[in-house]
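Here is a short briefing on side-chain packing and pairing. Keep the structure open while reading.

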Amino acid sequence: MVAPHFASPYCDVLLREMKAEARRLALVRREGCDPALGARLAAHVLAEMPPPPGAVVAGFWPMGREIDIRPLLLALAERGHPIALPVTPKRGLPLLFRRWRPGEELARGPMGTRQPAAGEELRPDWLLVPLLAFDRAGRRLGYGGGYYDRTLATLPGAAAIGCAYACQELPEVPAGPEDWILHAIATEAGVIRVP
C-alpha cells in the first residue's frame with residue numbers, strides 16, 4: 001500500500017525538506033532511549049502479534065541507538081521460525097535476505113550494518129523493519145536510502161512491522177508515492193495495529 005502521490009517537482013522538493021526535518025527530530029528523540037527496551041518490545045510482539053507458525057521472519061541487526069530487537073529474533077528462532085537478516089545491495093536495488101542462526105558471525109555491511117556473509121537466500125513472510133519515525137497511519141520514515149520501500153514492493157502479501165521506541169512516534173510522517181505503509185508498529189509500550 002502506497003501513500004498518496006505528490007504531483008509536482010515543487011512538491012517533491014518540499015517533501016524531501018519535510019523528511020529531512022523529521023529525520024533530524026527523530027534522531028534527537030531517539031538519542032536518550034535505552035536499546036535494552038527491546039526486551040519489552042519482544043514481549044509485546046510475542047503476546048499481541050506473533051508471526052504465523054512457520055513464517056520466515058526477516059529482522060535486522062540494530063545499529064547505533066536503534067531499539068535492540070535481538071531478544072525477539074532469538075525468541076522467534078527458539079519457536080522454530082527461520083530467521084533472515086538483510087544484505088544491503090548497491091543503491092537503487094531491493095534488499096536481499098540471508099538465513100541467520102543464533103551464534104553465527106556477521107560481516108560488516110555498508111553504512112554500519114551487520115549482515116550474513118554467506119548463506120541461503122530466503123523470502124520473508126514477516127518483516128521487522130527499522131525506522132526513525134512512525135505515525136499511527138503506518139507511515140514510516142527511514143534513513144533515506146529507500147531500501148525497505150523497494151523491498152516491500154517486491155514482497156506482496158508479506159507483513160511489515162516497524163520496530164521503534166514509543167518516543168519515535170510523530171503526529172504525521174511526511175510520505176510520498178514510493179513510501180510503503182506498515183501493517184503495525186511494535187514498541188516497548190505495545191503493538192500499534194494500523195487500520
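The points below cover nonpolar cores, aromatic rings and salt bridges.

The model is predicted. Its largest nonpolar core has 50 residues. The structure holds one aromatic pair, and the salt bridges come to six.

**Nonpolar cores**
- Within the largest core, the residues with the most contacts are Leu-41, Ile-69, Leu-72, Trp-126, Leu-127, Leu-128 and Ile-161.
- Beyond its neighbours within four places in sequence, Ile-161 touches Met-49, Trp-126, Leu-127, Leu-128, Val-129, Ala-184 and Ala-186.
- Another core, of seven residues, lies apart from the largest one; Ala-26, Leu-132, Ala-133 and Leu-141 are among its members.

**Aromatic rings**
- Trp-61 and Trp-100 pair edge-to-face, because their planes stand at 70 degrees, with ring centres 5.4 Å apart.
- The pair links distant parts of the chain, 39 residues apart.
- Trp-61 sits in the loop between strand S1 (57-58) and helix H3 (70-78), and Trp-100 in strand S3 (residues 96-100).
- Trp-61 is partly exposed at 21% relative accessibility, whereas Trp-100 is buried at 5%.
- Arg-150 places its charged end over the ring of Tyr-147, 5.1 Å from the ring centre.

**Salt bridges**
- Arg-70 bridges to Asp-68 at 2.9 Å, N to O. Arg-70 is partly exposed at 32% relative accessibility, while Asp-68 is buried at 15%.
- Arg-139 and Asp-135 form a salt bridge with their closest N and O atoms 2.7 Å apart. Both residues, Arg-139 and Asp-135, are buried.
- Glu-104 and Arg-101 form a salt bridge at 4.0 Å between closest N and O atoms. Glu-104 is partly exposed at 36%, and Arg-101 is partly exposed at 40%.

Definitions and conventions:
Residues numbered from 1 in each chain as written. Predicted model: local features only at pLDDT ≥ 70, side-chain atom pairs only at ≥ 80, totals over all residues. Heavy atoms only, no water. Core = buried A, V, L, I, M, F, W, Y, C linked by side-chain atoms within 4.5 Å. Buried < 20%, exposed > 50% of the residue type's maximum accessible area, 1.4 Å probe, protein only. Contact = heavy atoms within 4.5 Å. Phe/Tyr/Trp six-rings, centres within 6.5 Å; stacked < 30°, edge-to-face > 60°. Helix = DSSP H or I, 4+ residues; strand = E, 2+ residues; numbered from the N terminus. Lys NZ or Arg CZ within 6 Å of the ring centre and 35° of its normal. Salt bridge = Lys/Arg side-chain N within 4 Å of Asp/Glu carboxyl O.
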